[in-house]
Amino acid sequence: MLYGRDLEERRIGVLLDAAATGRSAALELVAEAGAGKTALLNRSVELAGESWKVLRCTGVEGESEFPFSGLQELLAAVGRPAALPLGALPPAQAEALRAVIGLTIAPNQMDRFLVGLATLSLLAELADEGPVLCVIDDVQWLDPMSAEALRFAARRLGTESIVMLFASRTRCLPGIAELHLPPLDDASSERLLQERWPGINPVMRERVLREASGNPLALLEFPRMDLDELPIGPLPLPYRLAGGYRRHVDALSEAGRLALLTVAAEPHGDPRIALQALDSLEVGRGGISEGEAAGLIEVSAREIRFRHPLVRAAVYHGSSFHERQSVHAALAAASLDDPDRRAWHLAAATIGRDESVAALLESAAERAVDRAGYSAASAAMERAAGLTPDHEIRGRRMVLATEWAAAAGSFQRAATLAGQAMQLPIGTEGRARLGWVQASVEFESGKLRRARDALLLAAEEVAAVEPVRAGPLFIEASRASWFLGDGEHARTARAKLTALRLPAEQRSALLAAIDGPLKLYSGELVEGIAIVRATVAEGHRTEDPALALVAAAQAMLIGDLEDARTLSYRALDDAQNQGMVGRFTTAAVYAGAAELMLGRLPEAQEIQTRAARVARDIGQVNTIASGQGYLALIAAIRGDDESCRDLIERSRRAHGQDNFIDVTHNEWALGLLDLGHGRYDRAIDRLDALYRIPNRIRGHWLHLLRDLVEAAVRAQQPERASEAMAEIERWAQALGSPFAEAIRLRSRGLLDSDSNAYREAAKLQVAEGLWYDYARTLLLLGELLRREREIGESRGALRQAVEIFDRLDALPWADHTRLELLAAGDQTPLPEKPTVKSSAALTPQELQVVKLAAGGATNKEIAAKLFLSPKTVAHHLYRAFPKLGVASRVELARLSSF
């Protein structure tokens, strides 16, 4: 029975009841040590009952060096590895879990978030046989890779009949619902004390209630202790409890204390290892029995566990360093069949420098990298560096520790390690690698100027002796400058790249990556466009997804939207198929941008929303801000003031004004919002100010110029559009593309009131599939024809425009068009929405599921691509079918479009 936890029990009971009917949930219980988190987890298992499959694991302090040790423990609850239904998972996910449980070695490029996706899929498979309860205790001590994978899975629960309960001392899992356990109230504390210690004298009873302050563990443990000996004062309760536990340990014999220290130093609680170590220490095994009799440990054939983590902490930290050193040495000798465990025990037993131990730790780090355990690898390599006598070898190891910390997403730690490594003889190669890490740290934290400066400094340091390594650093410095809107530093990076001592062909290939954008910036449009198109063509030929993304970004610069879309989706598909979650977000943002510029608003919103969700999960601050900028543009088109401004404000809070591309998109969104709502004076002022910023060449520049011209004409200030119109004409002539020519014709039609220009623009837009642009052109054409008294053609254009705007959910534009129809005397009722059920009613995620299902993908294939579980996919299809007016996948495939 639990005291004072009725509310918490009910909360968990609701989750269990919902999961039994198909809804999943995750909850993190947060409270101080001894507050009853473990007891509440145990109670949850009781509430679930025998019909549930229960998987458990517990974080152990000191075990975080072993990647995926927590996840291994959780999966071991299913049974032997052969009992896991890995064959039902997509191949990349199955391979990831095989690596986690040690059945195979993972490829070096395995994405660390793939394991989280594989965990979700596996839990969903297990839930097919009945609901699954995952109980994860002491999350604060869980190894980072397991914590990351389990959080990733928990964030994606849907309709799988899974409940994941986590317990931690502090908030460890952002994005998961939190339940804080307060101290027990006075009545509950008194009932618990009376139940467990009925004979306690009144004076002691009052002292225990006062000292425990509602902490259940303290209420249970204090009566065992001499409270007069406990420290008093403002020390945190866990330390006071630890002091009490230490006095219990001190009451044991020397053999008993050493036996408990051996168990405390062996994080897996392996009886075989602990007993072998005790034998080598020439300590009788009776010490284990003594600790068990004192109620400090629990012993089984499988493991030895302390009654509470505080007991373990009190035992380990209450012993002398010499005692711990001897125990770790004995444990290392007993761990010959586990090289990673042996390496860490030897490291704990070593004073000063020892290359042999450092080499063992380096090997352990490399094995962790093979399993994508970059956090553990970094910790092992950092410790190996500390043990290394040779300064150059120590420097090499510190560089690796730094790089792996960054790969694990521990950017602050990576920055600290980089500073330490810079003090060592690391050579030009090491400085280049550290410079890249430091720049990545600054870039991810939104400090773009520092990132640019770090890249330039690193590149200049290595340019004289290793020009091959300096080249990519100069390119990245140019890229960071571009984000800042800083053409001067981009040109500086280019000049230094030109001066590198490289073969001409190699130098030309590097220069091509930045020459195109720089020439566009300087106004050399024909030359810049030619270089960019060559880069895009190479992007179609390359098999490297990263290069394909570079090509996609450059295609966007010149409005080659179909190229940008094709290249982005190719990189996106590769990331999804390989489970490369980190790369997925960048590809998704690019693909979503292309969809938006093509006027496919539902598709753009779906993919940008999904990219932002994943980016939040894995801490990609820059990617989140980029996605929010595009989502703000979509909200502007749809006339959603609140969402548009909220997205922009969040982006500004995260990035300030440094990221020039984000600033441009945010300001453009506000101008477009004003234009759609008819606030024309505000729209032209905002867009004109944006037009005159120093670095104006952006990926969607022609679209922005298009809006500026329309805002100027509608505000009856056409003179303010003259410069923008001239620039549109220069671009259109240099590009020679239907996309640019359509913008030129429509803008010229606005300024000259030329209906033929509108008609020609509309033909090009239909041919290119630019439906949003097409509808806006039809609106302008319909307005002009109405003024010219060509009412019949005006009504036809306006009716077609309103249907497209409705389908895209572009509400202010649809409302404006309806008013024009009324002004044209059209009394024929218009449907509020298209007569055929359409994708407008679908959520962004339902839309993506439906599109893949219509293409023939199975639920499992869709789940792998969208980072969901198959049951969640099935749930989305179940909800989407009625919205689309279909009853089966066969009917779904017959729909012409979504």
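Residues are numbered from 1 along each chain as its sequence is written, and side-chain values use heavy atoms, with hydrogens and water left out. Because the model is predicted, local features need pLDDT of at least 70 and side-chain atom pairs count only at pLDDT 80 or more, while totals for chains, interfaces and linings use all residues.

Two packed helices are described by the angle between their axes and the distance between the axes. Helices (H or I, at least four residues) and strands (E, at least two) are DSSP runs, numbered from the N terminus. Axes are lines fitted to C-alpha atoms, for helices over the stretch in contact, and angles run from 0 to 180 degrees between N-to-C directions. The axes of helix H18 (residues 374–387) and helix H19 (residues 391–407) come within 8 Å and cross at roughly 160 degrees. H18 is therefore roughly antiparallel to H19 (angles under 35 degrees count as roughly parallel, over 145 as roughly antiparallel, 65 to 115 as roughly perpendicular and the rest as oblique). The crossing of H18 and H19 is left-handed; this term applies if the near helix is turned anticlockwise from the far one by less than a right angle, and right-handed applies if clockwise.

On the H18 side, the contact with H19 includes Tyr374, Met381 and Glu382, and among the residues on the H19 side are Arg394, Arg397 and Trp404. By class, the contact of H18 with H19 has 11 nonpolar, one polar and three charged residues (Ala, Val, Leu, Ile, Met, Phe, Trp, Tyr, Cys and Pro count as nonpolar, Asp, Glu, Lys and Arg as charged, and the others, Gly among them, as polar).

The crossing of H5 and H6 is right-handed. Val115, Gly116, Leu117, Thr119 and Leu120 in H5 meet Ala149, Leu150, Phe152 and Ala153 in H6.

The structure holds three aromatic pairs (rings of Phe, Tyr and Trp, its six-membered ring, pair if their centres lie within 6.5 Å; planes under 30 degrees apart count as stacked, over 60 as edge-to-face and the rest as tilted). One of them is the edge-to-face pair of Trp771 and Tyr774, with 5.8 Å centre to centre and 75 degrees between the planes. Trp771 and Tyr774 are separated by about one helical turn, because they are three residues apart in helix H39 (residues 771–787). Trp771 is partly exposed, with a relative accessible area of 36%, whereas Tyr774 is buried at 8% (buried means under 20% relative accessible area, exposed over 50%, partly exposed in between, for a 1.4 Å probe and protein chains only).

Most residues other than glycine have a negative phi. Asp138, however, has a positive phi near 50 degrees. Asp138 sits in the loop between strand S3 (132–137) and helix H6 (144–154) and is buried, with a relative accessible area of 7%. Glu282 also has a positive phi, near 60 degrees. The place of Glu282 is the loop between helix H12 (271–280) and helix H13 (286–293), where Glu282 is exposed, with a relative accessible area of 74%.

Definitions and conventions: Contact = heavy atoms within 4.5 Å.
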